[in-house]
Amino acid sequence: MKTVQFSAMQKAAVISLLIEMINIDGEVDPREREEFDAICAEYAIDEETYRMGRSLNCLVALDMMRMMSDRQKIATAFLLTRVIDADACDDDREIMLFNIICRETGVDLLINAKEDQG
């Protein structure tokens with residue numbers, strides 16, 4: 001999958017959502033952290049963007065995701081699933097947060113539309 005491009009503010013929003021996903025179950029698994037670090041390297045997240053994402057309210061990040069292109073939204077959802085899958089543990093809180101993010105940003109409709117076409 002080719003890396004989707006994000007602006008610095010969009011990267012900060014993605015970081016905010018990834019951090020929220022990692023922390024939602026109250027336990028940071030080292031495999032989640034490794035996956036998060038891999039994503040940061042893949043998307044060239046610098047220290048300033050990381051700090052901005054860390055300080056960004058997740059509701060603001062969610063609103064920023066709503067304004068992303070469809071491709072960026074799907075890529076963000078994919079990154080969230082990478083973090084969810086990293087610890088090989090199905091956590092209801094992670095799934096609930098993922099579903100809320102997808103529903104609130106329209107990713108669920110985008111995925112369903114792609115499945116209907118395919």
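Predicted model: local features only at pLDDT ≥ 70, side-chain atom pairs only at ≥ 80, totals over all residues.

**Entry 1: a loop alanine.** With helices set, I found A44 in the loop between α2 and α3 (47–55). I checked its backbone and read a positive phi of about 50°, although A44 is not a glycine. Is A44 buried or exposed? Its relative accessibility is 57%, so A44 counts as exposed, the cut-off being over 50%.

**Entry 2: another loop alanine.** I went on to A88, which sits in the loop between α5 and α6. A88 has a positive phi of about 55° and is not a glycine either. I noted a relative accessibility of 68% for A88, which makes this residue exposed.

**Entry 3: α2 against α5.** I looked up how helix α2 (residues 30–42) packs on helix α5 (residues 70–86), and found an angle of about 155° with the axes 8 Å apart. That angle makes α2 roughly antiparallel to α5, because anything over 145 degrees counts that way. The crossing of α2 and α5 is right-handed. Which residues make the contact? From α2 I listed R31, E32, E35, A38, I39 and E42, and from α5 L79, R82, V83 and A86. Sorted by class, this contact of α2 with α5 has five nonpolar and five charged residues, with no polar ones.

**Entry 4: α1 against α6.** Next I took α1 and α6, whose axes lie 9 Å apart at an angle of about 155°. I therefore wrote them down as roughly antiparallel to each other. Their crossing is right-handed. L17, E20 and M21 of α1 make the contact with E94, L97, F98 and I101 of α6. By class, I get five nonpolar, no polar and two charged residues for α1 with α6.

**Entry 5: α4 against α6.** I then turned to helix α4 (residues 58–66) and helix α6 (residues 92–105), which pack at an angle of about 45° with their axes 9 Å apart. That makes α4 oblique to α6. I recorded a right-handed crossing for α4 and α6. On the α4 side L62, M65 and R66 take part, meeting I101, E104 and T105 in α6. This contact of α4 with α6 has three nonpolar, one polar and two charged residues. I was pleased to meet I101 again here, having listed it in the contact with α1.

**Entry 6: Q72.** I picked Q72, which lies in helix α5. Its relative accessible area is 11%, so Q72 is buried. What does the side chain of Q72 make a polar contact with? I found the side chain of Q10, at 3.0 Å. Setting aside neighbours within four places in sequence, Q72 is in contact with V4, Q5, F6 and Q10.

**Entry 7: V28.** My last stop was V28, in the loop between α1 (8–23) and α2. V28 has a relative accessible area of 44%, so I put it down as partly exposed. Not counting residues up to four places away in sequence, V28 touches I22, N23 and R33. I also checked V28 against D87: they are 59 residues apart along the chain, with their C-alpha atoms separated by 9.3 Å.

Notes
Residues numbered from 1 in each chain as written. Heavy atoms only, no water. Axes fitted to C-alpha atoms, helices over the stretch in contact; angles between N-to-C directions. Helix = DSSP H or I, 4+ residues; strand = E, 2+ residues; numbered from the N terminus. Parallel < 35°, antiparallel > 145°, perpendicular 65-115°, else oblique. Left-handed = near helix turned anticlockwise from the far one by under 90°. Contact = heavy atoms within 4.5 Å. Nonpolar A, V, L, I, M, F, W, Y, C, P; charged D, E, K, R; others polar. Buried < 20%, exposed > 50% of the residue type's maximum accessible area, 1.4 Å probe, protein only. Polar contact = N/O pair within 3.5 Å; in protein donor to acceptor, adjacent residues only side chain to side chain.
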